[in-house]
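Me: I would like to go through a structure with you, from the whole chain down to a single residue. Shall we take a look?

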Amino acid sequence: MVTGAGSGIGRALAQQLAAAGSALAIADIDEKGLARTAASLPTKEAAVSKHVLDVSDEAAVRSFAEDVVARHGRVTLLINNAGVALIGTFEELALDDLRWLMGINFWGVVYGVTYFLPILKQQTRAQIVNLSSVFGMIAPVGQSAYSASKFAVRGFTEAIRHELEATSVFVSCVHPGGIHTPIARHARLGARAPQNKQEEAVALFDKLTPTSPEAAAARILKGVERREPRILIGRDARQIDIVQRLRPATYWKMMAKRASVPDTTK
């Protein structure tokens, strides 16, 4: 089961899983994007069901889990990939902006685990994969909401990994670096952010995203196969991991200078 399958990493995951012969339940709120993903899959190799889903809607996720079991009979791999972004500093965001983002990025993961975990525990071998981010390890300027959600996903994922250690369900947390997906172009502009900030954010995102969705998906599936608890994607993610360990309180001064973005901590 893959959420956020209408584009980016989710689409690439669906394509690679289908090519490997996996039956699939793919979900996204973007019905057109989901249809394009489904059309791109090798239909002869796998049984595929597509589901238009708002992961922030608890009742919808509950019904989705029931539908997936009714159609497929079981679930052995749950990938909570759906996510969104916000553009603006904290002072440029409204509280409703944060509620919207947390509903998808954090509560969408919690709902997915809540309603699929009983199904996963019935299997002899199963796995949960939750998508955090490098911004679940560091918190850059302009990412107060996104980082809060991804730190929350990281903490939740690590805790349930420890809690499920004696069960058949393994849990992985994914920390992608810069992946060239449409997330920045689809991001919501903060309620009090200037209009030109979206163009600037997209330009910076394009500059700092060296990894393709296909490479990211391949790395995730390799981590699933190896049952890795923590999956870092990209050279930039590995570098960020090292920097934040060495300079946990001052990493941003160095990173902002290297990335040529404003350092507002001065």
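This is a predicted model: local features need pLDDT of at least 70, side-chain atom pairs count only at pLDDT 80 or more; totals for chains, interfaces and linings use all residues.

Me: How many helices and strands does the secondary structure of the chain come to?
Reply: Residues are numbered from 1 along each chain as its sequence is written, and side-chain values use heavy atoms, leaving out hydrogens and water. Helices (H or I, at least four residues) and strands (E, at least two) are DSSP runs numbered from the N terminus. The chain comes to 10 helices and 9 strands.

Me: What radius of gyration does the chain have?
Reply: The radius is taken over C-alpha atoms, and the globule rule is 2.2 Å times the number of residues to the power 0.38. For 266 residues, a compact globule would come near 18 Å, and the chain agrees, with 18 Å.

Me: Is Thr157 buried or exposed?
Reply: Thr157 sits in helix α6, residues 144-163. Buried means under 20% relative accessible area, exposed over 50% and partly exposed in between, with a 1.4 Å probe and protein chains only. Because its relative accessibility is 0%, Thr157 counts as buried.

Me: With which side chain does the side chain of Thr157 make a polar contact?
Reply: A polar contact is a pair of N or O atoms within 3.5 Å; within protein, one must be able to donate a hydrogen and the other to accept it, and residues adjacent in sequence count only if both atoms are side-chain atoms. Here the distance is 3.0 Å, and the partner is the side chain of Asn130.
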